[in-house]
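Please have the sequence and the coordinates open while reading.

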Amino acid sequence: MDNTNIYTALYQENKELLQSLSPDFLVKLREDAMQHFIQKGFPGKKDESYKYTYLEPYFNNGYNKYLSPKNIQFDVNEIFHCDVPKLDTHVILLVNGFYFDAANPLKTLPGDVIVGSFAQAVKEYPELVAKYLGKYTSGDSFVALNTAFSRDGIFLYVPKGKVVEKPIQVINVLISDEELMVQHRNLVILEPNSQARVVVCDHTLSPNKFLTNAVTEVYLGENATFDHFKVQNEHNDSVQVSHTYFYQDKASSLRTSTITLHGGLVRNNLNIKLDGEGAECHAFGLFVTDQAQHVDNSVFVDHAKPNCTSNQLFKGILDDQSNGAFAGRILVDRDSQKTAAYQRNSNILLSDEAKMDSKPQLEIYADDVKCSHGATVGQLDEDALFYLRARGISEREAKLMLMYAFAYEIIDEIKIEPLHVRMADLIERRLRGDLTRCNNCAVNCG
Amino acid sequence: MNETNDNILNEVTQGDYKYGFVTDIDTETIPKGLNEDVVRLISAKKNEPEFMLEWRLKAFRHWQTLTMPTWAHLTIPEISYQDIIYYAAPKQQAKYASLDEVDPELLETFDKLGIPLNERNHLAGVAVDAVMDSISVKTTFRETLAEKGIIFCSMSEAIREHPDLVKKYLGSVVPSTDNFFAALNSAVFSDGSFCYVPKGIRCPMELSTYFRINAANTGQFERTLLIADEGAYVSYLEGCTAPQRDENQLHAAVVELVAMENAEIKYSTVQNWYPGNKEGKGGIYNFVTKRGICKGANSKISWTQVETGSAITWKYPSCILRGDNSSAEFYSVAVTNNHQQADTGTKMIHIGKNTRSRIVSKGISAGLSNNSYRGLVKVTRGAENARNFSQCDSLLLGSKCGSHTFPYLEVDNKTAKVEHEATTSKIGEDQIFYCNQRGISTEDAVGLIVNGYAREVLNQLPMEFAVEAQKLLAISLEGSVG
Amino acid sequence: MLTIKDLKASINGKEILKGINLQVNPGEVHAIMGPNGSGKSTLASVLTGRDYAEVTHGKVSFLGEDLLDMVPEDRARKGIFLSFQYPVEIPGVSMVNFLKTAINEHRKFKGLPALSASEFLKLMREKKEIVEISSNLTNRAVNEGFSGGEKKKNEIFQMALLEPKLSILDETDSGLDIDALRICANGVNKLKTAENATIVITHYQRLLDYIVPDFVHVLMNGQIVKSGTKELAYELEEKGYDWIKKEVFGTEDAQ
């Protein structure tokens, strides 16, 4: 299979448009990315990084690809289904990968915090964007593809020492009357000593097939703190490839959680580079899959400097014919002494046809380190199940309690209280099967 | 670790490879290089039946279509397969009928290696097949074993004398097309050991093969095949050493184990090929394919390996758990020092119902070495109630080495329970200090701690070899803590 | 209340219970004693529906119904309570959620409405006193990180909340210090009425100083080989089990 040509052709057709819209640095980035992509092509079936998720067939001609926003008519009230009770946020809407509020492409929040459209930021703050964009992304083909084509997305800039009090909620909505491919690019810059919290929700509002290839880059300056929370709730005909890069300077602190409630095929690449002493990160993930859903979480934590701490906990509950995969790689560089790195991946298979592949990996070049990883694939604990039933709790209810308890370890890590309550409720309903209308629409869950 | 300790440790590391001598003996070699004629020549030299030549040629032709695998965490210098001599044999009769006919140099060599070929002098209860370069020199206790119907001989003899058994099982676990090195081995293997334990027989003694590379510029390609028929039991040990040379030598072996219903095979390896010098010059490239199949119900295969030698080790003793209720174990200690590189582990493929596997891997890296565990636990759809537990620990001695863990868990059955745990840490300074404080030198302390760390694996070795392995561990790590 | 007739059960094909007969009436306390491996815990498993033991023969009726046909939760709802020898730790499931779910399932079964949050808390407070269990235990996950004594107290606390008709105490004394033993035993005694019954499974006589049995049965090699009153327990304590082996099997080697 070779779908590379589709994109080289697309690039040639739109080269002038892309160049006219991009400052010089971005023209060069796009050009280099395209060359890289042409040279590398899509990851093959045997590519180690995509061993359990073969994506090339999905990057086909069946999707329409727009490089400028298309006028979409829809009821903005729909998005209020995403409202989290008691959670006061700055809401930002992306529709099919483009910033929605054309009248206000960039807003300034208290403390000179800038938030809004990535495309607008490229126009207004080219130097700022140039300083960070693509600086620490990897050579992944999908990322190159995104760099070559992405036009818009979210931009957030928090100046030195500023704290964004309210969480920023980004709602990614996919809605279309045709099959659509979307590639947005998000850039978050946290200057030293700043703090921000971002909540991202992905939704599909129409039953068409969607293909998303998104890239998010987050830079945490010295002593910056960032809480990142992502909930994926797309329908079964959607394919999402999501790449998130966190670059962490000295003593910065990151918490990131990804909860996948629904989605046809989901591949999350999470890259964390701990590039300053004393930085720490906590990465969490949870998915619940059924039918033929496929969720693959791939995490790479690079301990590039000494005295950093990383902690990963990823869980999956798989039913029906669903597939799950986890790859977690911890790299401890030569001089990264006093590293503490932990990783755990636990999965529960509920049905005969569900399948889980897990490959936790440690790659360690320093000696004064404490590293461990563990992975399990199994079922609900029989003894616990019997204990509950012996107290009169029905088998179904007992199983739900145990599944919920299994998932709760992740929910418990959500430190934004209203969101915590909301997710606890959503997960419980997901496990009960009350959240299965996603074939057509997953948003209407409020 | 502070500088003083560093120094002490560096001094201690100066331990030399004890088996680096060369035996001065007439050796018959063929010209270097590899083509179909060489394959034919090897087969002819061994007086093989036609089917073997065909088998070799098929493997060779397949090998030509393959490229060397690159997925391991190893830096492998280019190997020129045309610069290797594929057959070297000490000049001698086909096989010595009695010890008196054996070249005294040869006898002395094996004596020096601690492997006396004289049965009276030998460790009680261990039968040995001694392989030097391309051929088997002497197999001890053959008659004793034959009384029980056990066949224990060199692979060459087996091909000539038991062609039916060889035809039936050779390549049945590791097909000649399995991978690059297995295909190469299938084409040019020269000798190795063969063992068949008939129905219901418990092999009364440990069987052992001792592999020795002597000749220069040669590769060693031995092939081992062990079959335990229904209800049989055999415990088998292999050891290996090579002279100290500046150039690298290739060793690409294949081992196949077949355990029928209720049979048990215990396979232990103490691998001590020449690891190269402290600058990383020389040493054996060890690319080995080992695989066993638990073919019948309730069968059991256990791999134990102590890997201290070789410049590069690429080795994954694996098990296919086909029979219901079969079980498999993999116990490994892998030590790398100086410039050594090891990428080793196992594969457990669960196919039958109620199968169990257990993996215990202890990696110890020192110097500038890199040591990786790579393992696969696969539970196929029909493998009801499969259980696996893996524990993979790594110990780092020194700040310039690398230690890596690459497990793969692939589970396709909900009744499976698969657990993997791994830890990586440095050797405990407080433990060393505690020993120091009790008057134990740092190097002895390291030896003690490492042996304690590896105990669970060493305990699996037959008694006679456990002591040897323990010493080997200490020697391999001499001077490594820093 | 409970009638066991010629009950046989095996684990992995090995027969563990080899024909048990027992009748328990309301208001009675029965002690089942026996050496390790005699089948005591298997009997508890069979009565509560743990599936690793397979019933191969015999009948058990509870309040006139065939017990062996019921799933574990229905047995519990009908009034059978097992105090586990090894209470299971269930990380992530809070005690409160667990107890509330259990109580409301029982109530639903009896056709009663679910308890409100305040009613439930009131009930918890009341019952806590019976076993002197502290609030910080009920704020944790089920049995997680509990000491041996706390786990057993927690079992009796649950017994108080669920008000069973037949309680089976499986080695409740094992791993308990003397204070915890007294508290647990007092709890059990406080809960005793003329309508409910108790089966105490134990290896030693010491628990029976606190919970006085009306009947003592000796289980050995899968059978009740001797029954008597509480004096039999003292005799066992004094002389061990060997004399019974001799008396019953004519040898000290029962196996």
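What is the strand order of the open sheet of 4 strands in chain C, and is the pairing parallel or antiparallel?

## The sheet of chain C

In this predicted model, the open sheet has the order 2-1-4-5 with antiparallel pairing, where strands are DSSP runs of E of at least two residues, helices are runs of H or I of at least four, both numbered from the N terminus, and two strands pair if DSSP finds at least two bridges between them. Strand 2 (14–24) and strand 5 (65–66) of chain C stand at the edges with a single partner strand each, so one side of each has no neighbour in the sheet.

Strand 1 (residues 2–11) of chain C is joined to strand 2 of chain C in the antiparallel sense by 8 bridges, and C:Ala9 has C:Leu17 in strand 2 as its bridge partner. Helix 1 (residues 40–48) of chain C packs on the sheet, touching strand 1, strand 2 and strand 4 (54–62) of that chain, where contact means heavy atoms within 4.5 Å. The direction of helix 1 makes about 110° with that of strand 1 of chain C, the axes being lines fitted to C-alpha atoms, for helices over the stretch in contact, with angles from 0 to 180 degrees between N-to-C directions.

## A covered strand in chain B

Strand 20 (residues 370–379) of chain B is mostly covered, with 9 of its 10 residues buried (under 20% relative accessible area, with a 1.4 Å probe and protein chains only). Strand 20 runs parallel to strand 18 (residues 341–350) of chain B, with 10 bridges between them, and B:Arg374 in strand 20 stands opposite B:Gly345. Strand 20 also pairs in the parallel sense with strand 22 (residues 402–411) of chain B over 10 bridges, B:Asn371 having B:Ser403 as its bridge partner.

## Confidence and conventions

The model scores ipTM 0.82 and pTM 0.83, and chain C averages a pLDDT of 88, with 98% of the residues scoring at least 70 (pLDDT is the predictor's confidence in each residue, from 0 to 100).

Residues are numbered from 1 along each chain as its sequence is written, and chains are lettered from A in the order in which they are written. Local features need pLDDT of at least 70 and side-chain atom pairs count only at pLDDT 80 or more, whereas totals for chains, interfaces and linings use all residues; side-chain values use heavy atoms, leaving out hydrogens and water.

Definitions and conventions. Buried < 20%, exposed > 50% of the residue type's maximum accessible area, 1.4 Å probe, protein only.
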